[in-house]
Amino acid sequence: MGLTYDRLPHLGRHPATGVVYALGYCGTGVALSTHFGRAIGRWLCGDGELPAFADRRWPVVPPPAHVPWLLPVAGWWYQGRDALGL
């Protein structure tokens, strides 16, 4: 199972490499991978268009994900927020 930060699927073409991708189905991979695979196949053959949300910008990942030692601190922070009902 692949989750994206914004919990939405992403598909498009990487600008530097030209690689076409469809990923991050967030638990609905069987249905969406088949649908997006066909849509991308039609698009690559010139018979169709990608969905309107394709090639949208990826959200910025918060700093704790980039600093491994900070992840436990972030976990404790959010556990505290949950305990307070925030």
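At 73% relative accessibility, Val-60 counts as exposed (exposed is over 50% relative accessible area, buried is under 20%, and partly exposed lies in between, with a 1.4 Å probe and protein chains only). Keep in mind that this is a predicted model, where local features need pLDDT of at least 70, side-chain atom pairs count only at pLDDT 80 or more, and totals for chains, interfaces and linings use all residues. Residues are numbered from 1 along each chain as its sequence is written, and side-chain values use heavy atoms, leaving out hydrogens and water.

Now for the layout. Along the sequence the protein reads β-β-α-α (helices are DSSP runs of H or I with at least four residues, strands are runs of E with at least two, and both are numbered from the N terminus). Of its 86 residues, 16% count as buried.

Val-60 sits in the loop between helix H1 (29-44) and H2. Val-60 and Tyr-5 are 55 residues apart in sequence, yet 8.4 Å apart in space, C-alpha to C-alpha.

Val-73, on the other hand, is in helix H2.

| Residue | Relative accessibility | Class |
|---|---|---|
| Val-60 | 73% | exposed |
| Val-73 | 37% | partly exposed |

What about H2 itself? Helix H2 covers residues 71-84, and its 14 residues reach 20 Å from first C-alpha to last, close to the 20 Å expected at 1.5 Å a residue (the expected span is 1.5 Å times one less than the number of residues). After H2 comes Gly-85, with a positive phi near 80°.
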